[in-house]
Amino acid sequence: MINILALETTGKYGSAAVITEDGRVFCASSETEMNHLRDIITISDEALKEARIDKRELTHIAASRGPGSFTGIRIGVTTARTLGQMLGIPCIGVSSLESLANQALERASRESALYIAPVINARRHQTYAGVWKACFTYGPDEGTVIPVFGEKQYMIEDLLELIISDAAPCGGKVLFTGDGIDAYQDIITEAFVSGGVSDQLVFADEEIRYQNAVSAARIAFRNAAAGQTVSYNDLLPEYMRLSEAEQRLREGTLSDKIRKAGQI
Amino acid sequence: MKDGKFLTLGIETSCDETAVSVVADGRGILSNIISTQIGIHTQFGGVVPEIASRRHLEKINDCVDRALEEAGVCTDDIDLVGVTYGPGLVGALLIGVAAAKSIAYACDIPLIGVNHMHGHIAANYLEHHDLEPPFMSLVVSGGHTNIVNVPEYNRCEKIGGTRDDAAGEAFDKVARVIGLGYPGGPKVDKAAREGNRDAIAFKRVWLEPGSYDFSFSGLKTQALNYLNTERQAGREINVNDVAASFQEAVVEVIAEKAVCAAEEFGQKRIVMAGGVASNSRLRELISEKASARGIEVLRPSPVLCTDNGAMIASAAYYAYQAGERSGYDLDAVPALEF
């Protein structure tokens, strides 16, 4: 028996989804932007009620562990850890990027896109991104994604160079998704135009562009079936970036005054 | 319930301590787990909010487990969960709030959001088992300096507060300026014991007559000016004397105002709370001034003066008794007023 509650709070709007043994998914979403902490239990409860599942019947708790909003990540992961701890059930961490890639799979199939590139805006030309290859061997509903370029922090220009020089020459279309489109659509378009491959560029519609718990729940379902779970204490965020203070400490650019005060 | 006792789980993550405690009937500490981050933040010269938030997340569930284990209870025995929802660092607060809401939801028990400052006052209920309101409270911590009238459980009336820096902030700033480092409070206190508190004439800031408010930001400027003058004149600076004189200027104003407030409101007791209540000179001076006017001074032991989950559990218990309840929509409120 598998009944999973999946939480997705790494983007602007939080959502919670319950996936049941038969693969059906029930979802509830926040209606207010960045209202994750206030809404998380309420939307989780709504999704459970929709699914007619009691919380004690849950077998796993999943959370999108990032990348994305640091605050959002922490709310989802802390809630998942604590629900797992209290209900005595294992946890599953899901990548928000992989979740976005899966969410775009159907659209990729319709567009015959070969690659899916989820891009999350990390500001100042930075992104959290990865590139997946879309596989439709078993038809669109049973498609999968296979990682091509690893998930990490990319400058948008570096990511585009990588995609245009390595992926685009294969001839397949590249489907961009994620809130990185909202920030960098012009930069992306320009790079494809100047690379002479503008016919290979597709952007995901807004309906599937942003993180949603339904996709996280489906990935969690596969992981649960494969026994890929962790104990609540081992469910950790994927920030993909050190805190600014740690970065500066590592680079040796922490202010002298602070370092001196700290050493004494 | 266990052995006829009402059990409250208290969670506190407003700054740099991840703390969880189990308290029986609002008074008896069954466990008090505090995972401090001071060692981590020292290298940065102060609390780094992003690092604090990350650390709270990694520690919170383990602290809950340890609190239950040390108390010898299981989750089914817990009757109530209380959590600090403000004031504090927003990223730090939300870890505690998210965890507390999840516990309340998963275990079907009531939830109470606690004002961190009310928690500091409630620390005294844990230390002094026969203490009951009414009393006057002096809450002095890293971020707050308040005089609070407490007419009954779960009611706190602020009658004075700081207009700029809190006392603890002033200690931290001056400690940095004279090279004592972070955390400033205990380091200034220690250095001051070796110094002469009359060595440097720091100006006391009383504000307008009858006011119970404070202002400490000018003291940092005074300290800076003094250090510059001495350095320019080529004189050697005695750090202990600066610490002692500065500290005296802060605690004298606090002690005097607290005692005057107790007198004006007819309170026979002053109850100290917050991290700076551990300051040895403040304790000494306020006791002197109060006993001269027939007022008793109570304070928690140092471990209960710092941030802890037990004080939050106690405050939650009395809020619960007064009929308060928080919903699952409880949010973190970083600038929560008294």
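Guide: Buried area is the accessible area (1.4 Å probe) that two parts lose on being put together, summed over both. This is a predicted model, in which local features need pLDDT of at least 70, side-chain atom pairs count only at pLDDT 80 or more, and totals for chains, interfaces and linings use all residues. Residues are numbered from 1 along each chain as its sequence is written, chains are lettered from A in the order in which they are written, and side-chain values use heavy atoms, without hydrogens and water.

Visitor: What is the area buried between chain B and chain A, and what share do carbon and sulfur atoms give?

Guide: About 3500 Å² is buried between the two chains, and carbon and sulfur atoms give 62% of that. On the side of chain B, B:R54, B:L57 and B:Y105 lose the most area to chain A, together 21% of what that side buries.

Visitor: How many residues of chain B are in contact with chain A?

Guide: With contact meaning heavy atoms within 4.5 Å, 41 residues of chain B touch 38 residues of chain A.

Visitor: Why is the meeting of A:R38 and B:D331 called a salt bridge?

Guide: The term requires a side-chain nitrogen of Lys or Arg within 4 Å of a carboxyl oxygen of Asp or Glu. The side chains of A:R38 and B:D331 are 3.5 Å apart, N to O, so the pair qualifies. The count between chain B and chain A is four salt bridges.
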